[in-house]
Amino acid sequence: MKLGKILLWIAVAAAGALALATLAWHRGEAISAMWLVVAALCSYALGYRFYSKFVAAKVLTLDAMRATPAERLENGRDFVRTNKWVVFGHHFAAIAGPGPLVGPVLAAQFGYLPGTLWILVGAVFGGCVQDFVILLFSVRRDGKSLGQMARDEISKTAGTVAFISVISILVILLAVVALIIVNALKDSPWGAFTIGMTIPIALLMGIYLRYLRPGRVLEASILGFLCVMLAIFGGKWVSVSSHAAAFTLTGTTLAVLIIVYGFAASALPVWLLLAPRDYLSTFVKLGTIAILALGIVLVRPTLQMPALTRFIDGSGPVFAGNLFPFAFITIACGAISGFHALISSGTTPKMIAREQQTRMVGYGAMMCESFVGIMAIIAACTLQPGTYLAVNSGAGMVGGTPVAAVAAINNWGFPVTADQMATLAQNVGEKTLFFRTGGAPAFALGMAKIFSDSLGGTAVMAIWYHFAIMFEALFILTVLDAGTRVGRFMLQDALGHIWKPLGRTSWYPSIIATSSLMVGAWGYFLWQGVRDPLGGINSLWPIFGICNQLLAAVALCVATTIIVKLGRARYMWVTLAPLAWLGAVTFSAAWHKVFDPNPLIGLLSHARQLAAGPAVAGLQRRIFNDQIDAAVCGLLIVLVSVIVLESALQWISVISGRKQATTQEAPFVATAYAEEL
Amino acid sequence: MKQSGDLVIARDLVIGKTDKLFTAEARRREEKSALRWRLQNGWKILRSILREIFDESAYDRFLQRTKTSHSVESYRAFMRERESAAAQKPRCC
């Protein structure tokens, strides 16, 4: 390396260290969010330049001469050699969802420091590595899925467990994201109208694309976006008109509507609703993330949240649980997310033109997603802590009325008044902002504050708030309809082994049955979340985090097994270290969620507390819900333990020489594009 | 000779190798055209990314493969072909 470059990297490392030290040691006074941005950018730069390069060269030994499946199996459909920037954008658009926005907002109850450190360390040494290695291993196996790789490289049992884990995480994920929408839209005629309008807008886009201007997706997306903007302004008018009552919906009504929507989206033709909504959501997503990044750099907001809060002891009102392990399961996407392994072993490996590009696409795209998580932390932490807590705490945690909530929050040492909250609600065009759990409204508030500070002031804060709510809800509805459909296909695939007609994806009785099963499963958890006096998110988000991280554990087991089989056991720590950390985090979190004696954390002790308390309506249902949640946690832990054990047995057999290592890599074929190198 | 899109779109610019005999004016002109080239390239890449994300490139490839032209029927056939792939495409949380 030349001297100039060495000095440059020393400067980057020094700037990163200074920013992190400032964030870590700063106490008592507000601090600029730019320190977070600098710390993040320097960490990513160093991680990409040095760590990912080490993984690429020593652990994976990327081979420029090896033809990828996009070259060998090129068919103009799934397998297509694609420019690396194009694959990068495509991959990022698929992995970036609402998770990195919501998780960091919820974890901000511990202060800005724990979430920030976990996002940076988790991404550089865990999430980015996971996405990178799974992508490369899938490329070397003709684009096989994570489940297939688990079956081929570990055992058939591992493949089955991976399948069950994926279905389980889908069910919990869909329930949680649906709950976020419900909590954001209940009693909000403006929000409900705007989001409701996105459904006919998507249908119109589908018709436009199919009959009026076939294939002009960008054009249709721009038109769709303009219609959505009109719907936002229309929502303002509706919220003060005589129609407001029709769009002022309770949580349970919204839950029913979303369940019906999920079923329709799963059963309707793809071109009519799913595809146009996906295009529209991606368009809004990419644009808004770019604007938010620009807004943060322009405004350079000040973080109002302290580095650490008193809630690290587990007494937090947003979700209960100690800093360890709950901060690390609350932030999944943004640090490490098992769900990404499904994308890295899905469409992306079939588009990679050269093996070296897996580094930029796998490692690099995850870094960008991680930065989205940092922006979410900034958005949440620019709010006054009292406001943040008033919005994010469930009614059951801080008292059922605004007065009681304000008193409780002030008692914790975070000043807030009912008048301040009323003014804020008025500024954003809502009746109230109390008890809006789920993270989405708090993120929208933070985003609206940043945007309105840079453009338009308080006068347009309501527009920015509802734009942010629309942006998140659009994200979430896309995850909901795509997820329900993916789950339906997976169920049909599995049930087809029992009775062939059930596996036919175009046979309507099978479509109805499997869609009902999938929607019924997530709808059940959604319903219990909506009826939960603690706000639902309190118990469901940790379970979702556990599921997601367990899926990451499965992916890292597969990766470690392949590394060992390739004869590079001395480098297995690259995936084994994050696996060990995830094992510690998820197993202890699951243990706390099931058995902790504190009823706010432990599901079984909560059920016991309910049983011992006074008999109230719906008591048996709530006890049963706790038991079901505990059973789901327990089952997943047992299943993933099986994969970890099976993998460990493989590693020991191969390392000790008792077993011949054989991997299922596709045979080497030299690339025909060697002259490009 | 086969060439992937990488070389076409992301070819490195050769700047800074200006001849010592170049005048300051010529160097300025070269820098200006290099900047224009970079901007054009940036736009080209952004457009390609968006076209891929929004399946417009996939539709073009379909037209090329099936030797059909842009029409309601061909788009319907394209969507039918992609139906199962699109429906199984997960979107991350």
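pLDDT is the predictor's confidence in each residue, on a scale from 0 to 100. The views below show a predicted model, in which local features need a pLDDT of at least 70 and side-chain atom pairs count only at pLDDT 80 or more, whereas totals for chains, interfaces and linings use all residues. Residues are numbered from 1 along each chain as its sequence is written, and chains are lettered from A and ligands numbered from 1 in the order in which they are written.

**View 1. Confidence along chain B.** Chain B has a mean pLDDT of 75, with 72% of its residues at 70 or more. Confidence in this chain is lowest in α1(B), where the mean is 40, and highest in α3(B), where it is 91; helices here are DSSP runs of H or I with at least four residues, strands are runs of E with at least two, and both are numbered from the N terminus. Residues 1–18 of chain B have a pLDDT below 50, and beyond near neighbours in sequence this stretch has 27 contacts in the model, two residues being in contact if their C-beta atoms, placed from the backbone, lie within 7 Å. For the complex, the predictor gives an ipTM of 0.75 and a pTM of 0.90.

**View 2. The contact between chain B and chain A.** Chain A brings 54 residues to this contact and chain B brings 39 residues. On the side of chain B that touches chain A, the elements giving two or more residues are α1 (5–9), α2 (24–53), α3 (56–66) and α4 (72–87) of chain B, and the largest share, 9 residues, comes from α4(B).

**View 3. Chain A as a whole.** The secondary structure of chain A comprises 27 helices and 2 strands, and its C-alpha trace spans about 70 × 65 × 60 Å along the principal axes. Of the 677 residues in chain A, 58% are buried, a residue being buried if 20 or more other C-beta atoms, placed from the backbone, lie within 10 Å of its own. Among contacts in chain A with a separation of 6 or more, 81% join residues 24 or more positions apart.

**View 4. Helix α10 of chain A.** With 23 residues (217–239), α10 of chain A reaches 32 Å from its first C-alpha to its last, close to the 33 Å expected at 1.5 Å a residue, where the expected span is 1.5 Å times one less than the number of residues. Its buried residues include A:V217, A:G224, A:I232 and A:S239. The buried residues of α10(A) pack against α9 (189–212), α11 (244–247), α13 (274–299) and α22 (461–495) of chain A, together with α3 of chain B.

Key. A residue is buried if 20 or more other C-beta atoms lie within 10 Å of its own, exposed if 12 or fewer, and partly exposed in between; C-beta atoms are placed from the backbone.
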